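I am opening a notebook on this structure. The entries below record what I looked up, topic by topic.

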Amino acid sequence: MPVDTIDVRGPRFGATLTTVVLAAVLITGSGPLLAFQTLVFALGALAGVQHSPYAWLFRVAVRPRLSAPTEFEDAAPPRFAQSVGLFFAVVGLAGYFVGPQWLGLAATGCALAAAFLNAAFGYCLGCEMYLVLRRATG
């Protein structure tokens, strides 16, 4: 297995945790909780999705309890998706800490919608964006 491939179940697990965190942000209006999720997105985008805290939790606590992985995927599309999540989280932080608050709510809601699609249906919107951009740029 090449280094740049990941177990397909890992990003979905991460999306589930992201969904929970972002829903909590919307319910509580917690800027610090959004800052935590922003850090998670940043680590996934900059270091690679396989090096994010949620990927570590998946490797240590979840994957040992599952059967051996049978499917792997290129890490680049999920990494790009983390970058998209990072963008929305940074915009959300600006809204929560600088204003207007509706901007924080809207950006967090957009990130939550994308995370929920992946968690519930296995549809990674950021990954699809990555593939469309790759096709468009040759």
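I take helices (H or I, at least four residues) and strands (E, at least two) as DSSP runs, numbered from the N terminus. By that numbering I place M129 in helix 6.

Basis. I am working with a predicted model, in which local features need pLDDT of at least 70 and side-chain atom pairs count only at pLDDT 80 or more, while totals for chains, interfaces and linings use all residues. Residues are numbered from 1 along each chain as its sequence is written, and side-chain values use heavy atoms, with hydrogens and water left out.

Is M129 buried, partly exposed or exposed? I call a residue buried under 20% relative accessible area, exposed over 50%, and partly exposed in between (1.4 Å probe, protein chains only). M129 has a relative accessible area of 36%, so I list M129 as partly exposed. I then looked for patches, which are made of residues with over 30% relative accessible area and no salt bridge; like charges are joined within 9 Å and nonpolar side chains (Val, Leu, Ile, Met, Phe, Trp, Tyr) within 5 Å. M129 belongs to a nonpolar surface patch with F116, F121, Y123 and L125, and together they have about 500 Å² of accessible area (Shrake-Rupley method, 1.4 Å probe, only the protein chains shown counting as cover for residues). Helix 5 (101-121) and helix 6 (125-136) are the elements that give two or more residues to this patch.

Entry on salt bridges. I count a salt bridge when a side-chain nitrogen of Lys or Arg is within 4 Å of a carboxyl oxygen of Asp or Glu. How many salt bridges does this rule give? I get two. In one, R9 meets D7 at 2.8 Å, N to O. In the other, D7 pairs with R63, with the closest N and O atoms 3.5 Å apart. D7 is in strand 1 (residues 5-7) and R63 is in the loop between helix 3 and strand 2 (72-74), so this pair ties together parts 56 residues apart in sequence. I note D7, R9 and R63 as a linked network of salt bridges. D7 is buried at 6% relative accessibility, whereas R9 is partly exposed at 25% and R63 is partly exposed at 27%.

Entry on aromatic pairs. Rings of Phe, Tyr and Trp (its six-membered ring) pair if their centres lie within 6.5 Å; planes under 30 degrees apart count as stacked, over 60 as edge-to-face and the rest as tilted. My search of the whole structure found five aromatic pairs. The ring centres of F13 and F58 are 5.7 Å apart with planes at 45 degrees, so I log the pair as tilted. F13 is in helix 1 (residues 9-28) and F58 in helix 3 (residues 53-62), so the pair ties together parts 45 residues apart in sequence. F58 is buried, at 4% relative accessible area.
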